[in-house]
Amino acid sequence: MNDVSVSDARARLADVVDHARVGHEPIYLTRRGHRVAAVIAADDLDRLVVAAEDLADLKAAQAARDELATGEAAIPWDQVKADLGLA
């Protein structure tokens with residue numbers, strides 16, 4: 001039950017949700033044979049969001065290290081705090 005048409009999912013919504021929640025695999029909703037949406041367990045979505053945020057943080061940290069390595073001046077801590085409204 002990886003792909004389900006939107007009309008079938010509407011008729012069996014509780015089953016679709018339970019399958020995604022228990023199986024921890026997304027159920028793709030299709031329209032005219034094309035995937036248009038997915039139903040996933042809320043806990044799985046939460047983990048994906050955290051992982052995406054962590055990856056974005058890692059990429060930003062690497063970009064900052066790359067800037068410093070090319071000789072760009074660091075922003076003084078007092079300036080960072082002022083920009084964030086913390087000073």
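Met1 turns out to be partly exposed in this predicted model, because its relative accessible area of 37% falls between the 20% and 50% cut-offs. The residue belongs to the segment ahead of strand 1 (3-5). Setting aside neighbours within four places in sequence, Met1 makes contact with Arg12, Val16, His19 and Ile27. Ala63 is another story: 62 residues along the chain from Met1, its C-alpha atom is 41 Å away from that of Met1.

Two of those Met1 partners, Val16 and Ile27, also turn up in the largest nonpolar core. This core has eight residues in all, namely Val4, Val6, Ala9, Val16, Ala20, Ile27, Leu29 and Val39. Helix 1 (6-11), helix 2 (13-23) and strand 2 (27-31) are the elements that each supply two or more of them. Once residues up to four places away in sequence are left out, Val16 touches Ala9, Ile27 and Val39 as well as Met1.

As for rings, there are zero aromatic pairs. Tyr28 does have a charge over its ring, though: the charged end of Arg35 sits there, 3.6 Å from the ring centre.

Zooming out, the protein has four helices and three strands, arranged along the sequence as β-α-α-β-β-α-α. The radius of gyration is 22 Å, well over the 12 Å given by the globule rule for 87 residues, so the protein is more spread out than a compact globule. Its C-alpha atoms fill a box of roughly 60 × 30 × 20 Å along the principal axes. Buried residues account for 13% of the 87. Among contacts with a separation of 6 or more, 26% link residues 24 or more positions apart. The accessible surface is about 6900 Å², with 57% of it belonging to carbon and sulfur atoms.

Technical notes. Residues are numbered from 1 along each chain as its sequence is written. This is a predicted model: local features need pLDDT of at least 70, side-chain atom pairs count only at pLDDT 80 or more; totals for chains, interfaces and linings use all residues. Side-chain values use heavy atoms; hydrogens and water are left out. Rings of Phe, Tyr and Trp (its six-membered ring) pair if their centres lie within 6.5 Å; planes under 30 degrees apart count as stacked, over 60 as edge-to-face and the rest as tilted. A charge sits over a ring if NZ of Lys or CZ of Arg is within 6 Å of the ring centre and within 35 degrees of the ring normal. Buried means under 20% relative accessible area, exposed over 50%, partly exposed in between (1.4 Å probe, protein chains only). Contact means heavy atoms within 4.5 Å. A nonpolar core is a set of buried Ala, Val, Leu, Ile, Met, Phe, Trp, Tyr and Cys residues joined through side-chain atoms within 4.5 Å. The radius of gyration is taken over C-alpha atoms; the globule rule is 2.2 Å times the number of residues to the power 0.38. Accessible areas come from the Shrake-Rupley method with a 1.4 Å probe; for residues, only the protein chains shown count as cover.
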